[in-house]
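Let's take a walk through a protein model together. Keep the sequence and the 3D view open as you read.

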Amino acid sequence: MASLSSSSLFFSSKTAIPINNLLIPPSLHRFSLPSSSSSFSSLSSSSASLFTTHSLKSSRRSSSQGFTVKAEKKNVLIVNTNSGGHAVIGFYFAKELLSAGHGVTIMTVGDESSDKMKKTPFTRFSEIVSGGGKTVWGNPADVATVVGGETFDVVLDNNGKDLDTVRPVVDWAKSSGVKQFLFISSAGIYKSTEEPPHVEGDAVKADAGHVGVEKYLAETFGNWASFRPQYMIGSGNNKDCEEWFFDRIVRDRAVPIPGSGLQLTNISHVRDLSSILTSAVANPEAACCNIFNCVSDRAVTLDGMAKLCAAAAGKTVEIVHYDPKAIGVDAKKAFPFRNMHFYAEPRAAKEILGWESKTNLPEDLKERYEEYVKIGRDKKDMKFELDDKILEALKTPVAA
């Protein structure tokens, strides 16, 4: 069984301490974890301006102080990407909001007749409509026309990766009286660090498009929040995660993992990501002007992920490790995760929103394997050309 590392370690001090003029609440204090791969850098001024707002507000809104949850029903617009792994976030968020009695319109980028709409989660949008929601398609720059003058209390942009794409939605939302603006950013904007995991306030890449959006929101919108997800699993996801491992395990192929296999990452069920967003809608004053790592609270090693997927499939797994440079392959194309320690903690969500993770990776992977078999992917013909190149270089037998 894989070795899982708990990533929910907090300092016990109850007194906030000033660091470089930032008032950092106790649960966001750093701790060090030995790194087995890659070099990292520590907190820098590139994220200080955003974190100042976050830390001051979170210190006042610690979950230990409590807050009142209003049962107000709201009308929410979700601007949803038409590709990539993030599309499923909007799908789950819409369904969760509807189940809580909110109004939901999900606006997907592009045309309803696009070939992209033949994939999940778009093929399941009837679930949103049957739940009382609306689905529309269009260009985010024309959002006012697409929604036909309807008014909204909350807008989530789950599409743009840079300011040019998101600015029209932000400006329209502000001018039309939207009360709260939520943005799906990315944990990939963090600079590498010698002290993993990444926590809110860590240094970010100044040239990252998501950073520009977060800065613009902080400067222009009264009530905003940004959410930084990592890898995710869940029904309806159209970007391979666990499927990459299942594809090899069910065909009795060795699973090639770059490096030592001890690199830590974070893999969350999408329902965790959705529930953080829903908590922000329910508690807008607490969420206001904060950045949240939108992840589960456990880390898993790359080898551990392979072992957990094998256990979910009721199989054993052969893991082989390799050096991508020595073999001459691009690890980004040969493997679905980063070849380094890369994981974040949801400290702000716990501290500010009183949120709790529900991801249970061993059990969630069993559910994912059941669907994998149900759709017949275990029987599909597949080619593993990059795998074969790696395995041949390692003199590892290739399954027929």
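## Ground rules and a histidine

Two residues are in contact when they have heavy atoms within 4.5 Å of each other. Before we use that, a word on where the numbers come from: this is a predicted model, where local features need pLDDT of at least 70 and side-chain atom pairs count only at pLDDT 80 or more, while totals for chains, interfaces and linings use all residues. Residues are numbered from 1 along each chain as its sequence is written, and side-chain values use heavy atoms, with hydrogens and water left out.

Now find His 102, which sits in the loop between α2 and β5 (103-109). Helices (H or I, at least four residues) and strands (E, at least two) are DSSP runs, numbered from the N terminus. Leaving aside neighbours within four places in sequence, His 102 is in contact with Glu 72, Lys 73, Lys 74, Leu 97 and Val 281. His 102 and Asn 75 are 27 residues apart in sequence, but their C-alpha atoms are 6.0 Å apart in space.

## The whole chain

How many helices and strands does the protein chain have? There are 15 helices and 16 strands. Of its 400 residues, 55% count as buried. Buried means under 20% relative accessible area, exposed means over 50%, and partly exposed is in between (1.4 Å probe, protein chains only). His 102, at 12% relative accessibility, counts as buried because it falls under that cut-off.

Take the contacts between residues at least 6 apart in sequence: 84% of them join residues at least 24 apart.

## Two nonpolar cores

A nonpolar core is a set of buried Ala, Val, Leu, Ile, Met, Phe, Trp, Tyr and Cys residues joined through side-chain atoms within 4.5 Å. The largest one here has 40 residues, and the members that touch the most others are Ile 78, Phe 93, Leu 182, Phe 227, Phe 292 and Leu 353. Helix α2 (residues 87-99) gives the most to this core, with nine residues. A second, separate core has 38 residues, including Ile 267, Leu 308, Ala 310 and Leu 365.

## An enclosed strand

Strand β9 is largely enclosed by the rest of the structure, because six of its six residues are buried. Trp 224, Ser 226 and Arg 228 point one way from β9, while Ala 225, Phe 227 and Pro 229 point the other way. Strand β8 (residues 180-184) pairs with β9 in the parallel sense over four bridges; two strands pair if DSSP finds at least two bridges between them. One of the bridge partners to look for is Phe 227 in β9, which partners Ile 184.

## Charged pairs

Side chains of opposite charge can pair when their charged atoms come close. A salt bridge is a side-chain nitrogen of Lys or Arg within 4 Å of a carboxyl oxygen of Asp or Glu, and by this rule the count comes to 20. Arg 228 forms one with Glu 214, with the closest N and O atoms 2.7 Å apart. Arg 228 lies in β9 (residues 224-229) and Glu 214 in helix α6 (residues 209-220), so the pair ties together parts that are 14 residues apart in sequence. Are these two buried or exposed? Arg 228 is buried at 2% relative accessibility, and Glu 214 is buried at 0%.

Glu 243 and Arg 368 also meet in a salt bridge (3.6 Å, N to O). This pair links distant parts of the chain, with Glu 243 in helix α7 (residues 242-249) and Arg 368 in helix α14 (residues 361-374), 125 residues apart. Salt bridges that share partners also join Asp 240, Asp 247, Arg 251 and Arg 377 into one network. Glu 127 and Arg 124 form a salt bridge too (2.8 Å, N to O); Glu 127 is partly exposed at 27%, and Arg 124 is partly exposed at 21%.

## A charge without a partner

Asp 157, in strand β7 (residues 154-158), is buried yet has no salt bridge. Where is the nearest side chain of opposite charge? It belongs to Lys 161, 11 Å away. (Lys and Arg count as positive and Asp and Glu as negative; His and the chain ends are not counted.) The Asp 157 side chain does have a polar atom 3.0 Å from the backbone nitrogen of Asn 159. Not counting residues up to four places away in sequence, Asp 157 touches Val 79, Val 166, Val 169, Phe 181, Leu 182, Phe 183 and Ile 184.

Definitions and conventions
A polar contact is a pair of N or O atoms within 3.5 Å; within protein, one must be able to donate a hydrogen and the other to accept it, and residues adjacent in sequence count only if both atoms are side-chain atoms.
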